[in-house]
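Dear colleague,

I am passing on the structure we spoke about, with the sequence and the coordinates placed just below. My notes follow after it, and I would be glad if you read them with the model open.

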Amino acid sequence: MLEGTEYVSIKLLKYVKDMYKIPRFGHSQDFTKFFSDSKTEQNDYMQGLILAFSLMMIIAAVWFVALIILRVLGHRVGCASGKPATIPAEPMGDKSGSVNTNETGEFIVMQADQNRVNRTRIAFFIAVLYTLAACGVLIYSLVVTQNSTQEFYEYAEDVRDSFAAVPANLSTFMESSSTFTTSIDDSGLIAELSTFCPDSASVGGVDPSKVAADFGAALSEIVVLNSEATLMELSTSVAGMNDELSDAVEFMSFMKGPGEPWFWVSVLLAGVLAFLTLYLLASAWKAGKEGYEFVGETEENINTKILDFVAIPLFAALVAAAWFGASTAFTASAANADFCVAEISNGDTVLNILQARGFEESSLFYRSADEYLHGCVGGELSHIPAADGYDASLTTAKDLDAIFAGFDVNELDGACPGDANAMMATLTKTSAQLSDLATEFGAVYNNISCEHLAPIVQNAVYTNSCHSLSSGFLWTFASALTVAAFGTILLTLRSATSRPQIYLVPAGQSDDNSYIIGDEDSYGY
């Protein structure tokens with residue numbers, strides 16, 4: 001199990017562990033197979049994810065088929081049919097005993113029937129509240145997920161741009177290093193420094209002969225490293241890395257911002273579904289206020305037509321989309337868990353992906369990924385030791401050059417008769433060249449250093465992919481599933497949006513558990 005580095009903390013979330021346990025029905029959970037050249041291995045992994053996706057969609061399909069069957073069965077299944085509730089009512093006689101409803105305008109409805117209508121409507125109102133709350137959480141979850149994907153995309157861009165700048169900077173540096181080497185060789189400076197001012201007295205508390213010897217040794221190391229094969233081959237190796245990184249960033253372009261269609265379409269659909277939920281709530285409330293109507297005398301107006309032919313069908317389609325979204329988030333969570341559990345447990349998922357993409361363990365790309373993810377101990381680039389060595393030699397040479405520049409020429413000439421003025425003149429030219437060389441090497445080194453790239457790579461893989469993105473998937477899945485489930489409940493109880501219908505039965509069939517209503521009475525709203 002990987003532990004935190006000096007750049008990031010590494011933690012495997014419990015939710016990620018749980019998602020890793022999702023059954024794949026005999027298919028592989030090896031995330032690297034998705035990148036394999038073998039179609040058989042790719043299909044094996046994808047079939048496992050498709051089956052995980054199907055788990056959620058099967059639930060939705062069974063529920064929707066049940067709603068269709070209940071609709072066909074009609075009033076025999078009560079409110080589940082989606083049709084207005086129909087209940088018996090007795091006309092209530094007047095004082096003379098007449099039961100002409102036109103005269104009394106009142107009816108007797110069984111209390112049990114009234115309670116059934118009330119329970120349906122109350123359950124509908126509760127489902128509305130849950131659906132609206134879940135829509136709000138879903139929109140928030142989509143924003144969190146989008147922010148995480150955009151952050152990952154920006155990390156990938158930073159890595160690509162860092163390596164993309166290397167070839168040009170390295171070319172400039174190699175030209176300067178060649179010029180510097182030629183200049184040092186032609187001047188014989190290293191040999192002069194090694195014999196400069198032997199047995200000299202201290203100048204300002206510093207031994208000039210030791211400073212000269214150390215400076216000559218540092219310059220000698222720089223000259224040797226200027227022809228180091230690792231640095232000379234770096235440009236060619238980085239060019240291949242840049243092609244792969246550019247392809248990866250282009251593949252992830254759907255993550256780059258909130259303007260991407262997947263995000264704004266998802267938010268728009270969630271908002272429309274919330275609006276339709278409010279419309280159904282208003283319809284149910286209005287139906288409750290208007291009370292009963294007679295069977296066969298259903299009032300049809302623009303509101304009922306919008307409800308029956310636009311609002312409910314569109315709401316059903318959006319609920320189906322919510323099931324699809326929940327299934328997609330569920331599957332994405334499973335794939336994310338496959339990656340994170342293996343990478344954090346063994347530290348080899350990213351490396352195995354690179355091998356599947358054709359990069360050998362000896363390649364610079366493979367060694368770079370391993371170093372930036374799992375190495376960079378103490379900030380050292382173990383896969384390009386010449387780079388760290390060159391940086392250290394340049395730093396040493398510049399420090400010693402600064403000490404030389406700080407010597408008083410007269411004092412130095414007194415300690416080293418005949419040598420000081422000539423040496424200081426030579427060093428003035430060398431100092432300018434050394435400064436330019438350090439600047440140009442810094443343009444290369446800063447882009448590939450541990451301090452620059454390790455935090456980016458480790459944050460992208462461990463902090464973003466296996467923490468914030470995992471949390472975004474969790475909230476999206478949970479909220480989309482809640483929207484889907486309670487939205488389907490609203491479809492099941494959609495009869496609450498219609499006025500209950502009564503039909504007359506002969507007088508005298510009611511008992512004491514009855515409820516008296518008038519022609520225009522509501523039932524408690």
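Which residues have the most contacts inside the largest nonpolar core? Please keep in mind throughout that this is a predicted model. The largest nonpolar core holds 132 residues, and those with the most contacts inside it are Phe124, Phe163, Phe215, Leu219, Ile222, Phe404 and Leu412. Helix α10, which spans residues 302–346, gives the most to this core, with 19 residues. Apart from this core there is a second, separate one of six residues, including Ile87, Phe107, Val109 and Ile502.

Ser393 lies in helix α13, residues 385–406, and it counts as buried because its relative accessibility is 4%, where the cut-off is under 20%.

As for the overall picture, the protein has 16 helices and five strands, and buried residues make up 45% of its 525 residues. Among contacts between residues at least 6 apart in sequence, 81% join residues at least 24 apart.

The strands deserve a separate look. Strand β1 (residues 86–91) pairs with strand β4 (residues 501–504) in the parallel sense over four bridges, and there Ile87 has Ile502 as its bridge partner. β1 also pairs with strand β2 (residues 106–110), in this case in the antiparallel sense and over three bridges, with Phe107 of β2 as the bridge partner of Pro91.

The structure holds two cavities of 30 Å³ or more, and the largest cavity has a volume of about 90 Å³. Its lining is made up of Cys79, Ala85, Arg116, Val117, Thr120, Arg121, Ser495, Ala496, Ser498 and Pro500, which by class gives five nonpolar, three polar and two charged residues.

The second largest pocket has a volume of about 950 Å³. Helices α2 (39–73), α9 (261–290) and α10 each supply at least two residues of the pocket lining, and the largest share, eight residues, comes from α10. By class, the lining of this pocket has 12 nonpolar, 10 polar and 11 charged residues.

One point of backbone geometry remains. Most residues other than glycine have a negative phi. Phe25, however, has a phi near 55 degrees, a positive value in a residue other than glycine, and its place is in the loop between α1 (14–20) and α2.

With best wishes

How values were computed: Residues are numbered from 1 along each chain as its sequence is written. This is a predicted model: local features need pLDDT of at least 70, side-chain atom pairs count only at pLDDT 80 or more; totals for chains, interfaces and linings use all residues. Side-chain values use heavy atoms; hydrogens and water are left out. Two strands pair if DSSP finds at least two bridges between them. On a 1 Å grid over the protein atoms alone, a cavity is a set of points where a 1.4 Å probe fits but cannot get out, and a pocket is an open set with protein on both sides within 12 Å along at least five of seven lines; lining residues have an atom within 4 Å of a point. Grid points are joined across faces, edges and corners, and a volume is the space filled by probe spheres set on the points. Ala, Val, Leu, Ile, Met, Phe, Trp, Tyr, Cys and Pro count as nonpolar, Asp, Glu, Lys and Arg as charged, and the others, Gly among them, as polar. A nonpolar core is a set of buried Ala, Val, Leu, Ile, Met, Phe, Trp, Tyr and Cys residues joined through side-chain atoms within 4.5 Å. Buried means under 20% relative accessible area, exposed over 50%, partly exposed in between (1.4 Å probe, protein chains only). Contact means heavy atoms within 4.5 Å.
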